[in-house]
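Please look over the sequence and the model shown below before reading on. The report that follows goes through the links between side chains, one kind at a time.

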Amino acid sequence: MIRRAVAIALAGLILSSTPALAASVVLRGLDKTTGMAKDFVAPVGKMVRFHTLEVLARSCVKRPPEETPEAAAYLEIFDSPVADADKAAAEKHEIFSGWMYWSSPALNALEHPSYDVWVIDCKS
């Protein structure tokens, strides 16, 4: 409950400073098994894949350069396990939906046993 209130307050701060809406989100994905991190771009409104995760960016806002740096993206993340030769593909299910903040990645984080995803920047 407190995390949600803080997230709403941060969204209000971002929106009150006339942010720039971006066309895409730069994200960093971490494979916890191998320890390898990879940056990838998610265009707003288009689904992109990071291993078994499918990421849909709904919005990305960034403060103007003269203010304290902050970027936030509204993301929907689905887990879509790959089918094995023995099994049929499992249905994808939503594992995250909400705002992620560049300055506070742990505030509203993706909880997945194998992968982490966080916001790096918004790009026009």
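## Salt bridges between strands

The side chains of Arg28 and Asp39 meet in a salt bridge, with N and O 2.5 Å apart; the term stands for a side-chain nitrogen of Lys or Arg within 4 Å of a carboxyl oxygen of Asp or Glu. This is a predicted model, in which local features need pLDDT of at least 70 and side-chain atom pairs count only at pLDDT 80 or more, while totals for chains, interfaces and linings use all residues. Residues are numbered from 1 along each chain as its sequence is written, and side-chain values use heavy atoms, with hydrogens and water left out.

By the salt-bridge rule the count comes to six, and three of these bridges are set out in the table.

| Salt bridge | N to O distance |
|---|---|
| Arg28 and Asp39 | 2.5 Å |
| Arg58 and Glu76 | 3.3 Å |
| Lys62 and Asp121 | 2.8 Å |

Arg28 lies in strand β2 (residues 24–31) and Asp39 in strand β3, so their bridge ties together parts that are 11 residues apart in sequence. Helices (H or I, at least four residues) and strands (E, at least two) are DSSP runs, numbered from the N terminus. Arg28, at 27% relative accessibility, counts as partly exposed, and so does Asp39 at 40%; buried means under 20% relative accessible area, exposed over 50% and partly exposed in between, with a 1.4 Å probe and protein chains only.

In the bridge of Arg58 and Glu76, Arg58 belongs to strand β5 and Glu76 to strand β6 (residues 71–79), so the pair ties together parts that are 18 residues apart in sequence. Arg58 is partly exposed, with a relative accessible area of 45%, whereas Glu76 counts as buried at 15%.

Lys62 forms a salt bridge with Asp121, and since Lys62 lies in strand β5 and Asp121 in strand β8, the pair ties together parts that are 59 residues apart in sequence. Salt bridges that share partners also join Arg49, Glu54 and Lys92 into one network.

## The disulfide

A disulfide is a covalent bond between the sulfur atoms of two cysteines, and here it is counted when the two sulfur atoms are within 2.5 Å. The structure holds one disulfide, which joins Cys60 to Cys122 with an S to S distance of 1.7 Å. Cys60 lies in strand β5 (residues 53–62) and Cys122 in strand β8 (residues 115–123), so the pair ties together parts that are 62 residues apart in sequence. Cys60 is buried, with a relative accessible area of 1%, and Cys122 counts as buried at 6%.

## Aromatic rings

How many aromatic pairs does the structure hold? There are three, where rings of Phe, Tyr and Trp (its six-membered ring) pair if their centres lie within 6.5 Å, and planes under 30 degrees apart count as stacked, over 60 as edge-to-face and the rest as tilted. The rings of Phe40 and Phe50 have their centres 5.3 Å apart and their planes at 5°, so this pair is stacked. Both Phe40 and Phe50 are buried. The rings of Phe50 and Tyr115, by their centres 5.7 Å apart and their planes at 80°, form an edge-to-face pair. Phe50 lies in strand β4 and Tyr115 in strand β8, so the pair ties together parts that are 65 residues apart in sequence. Ring pairs link Phe40, Phe50 and Tyr115 into a cluster.
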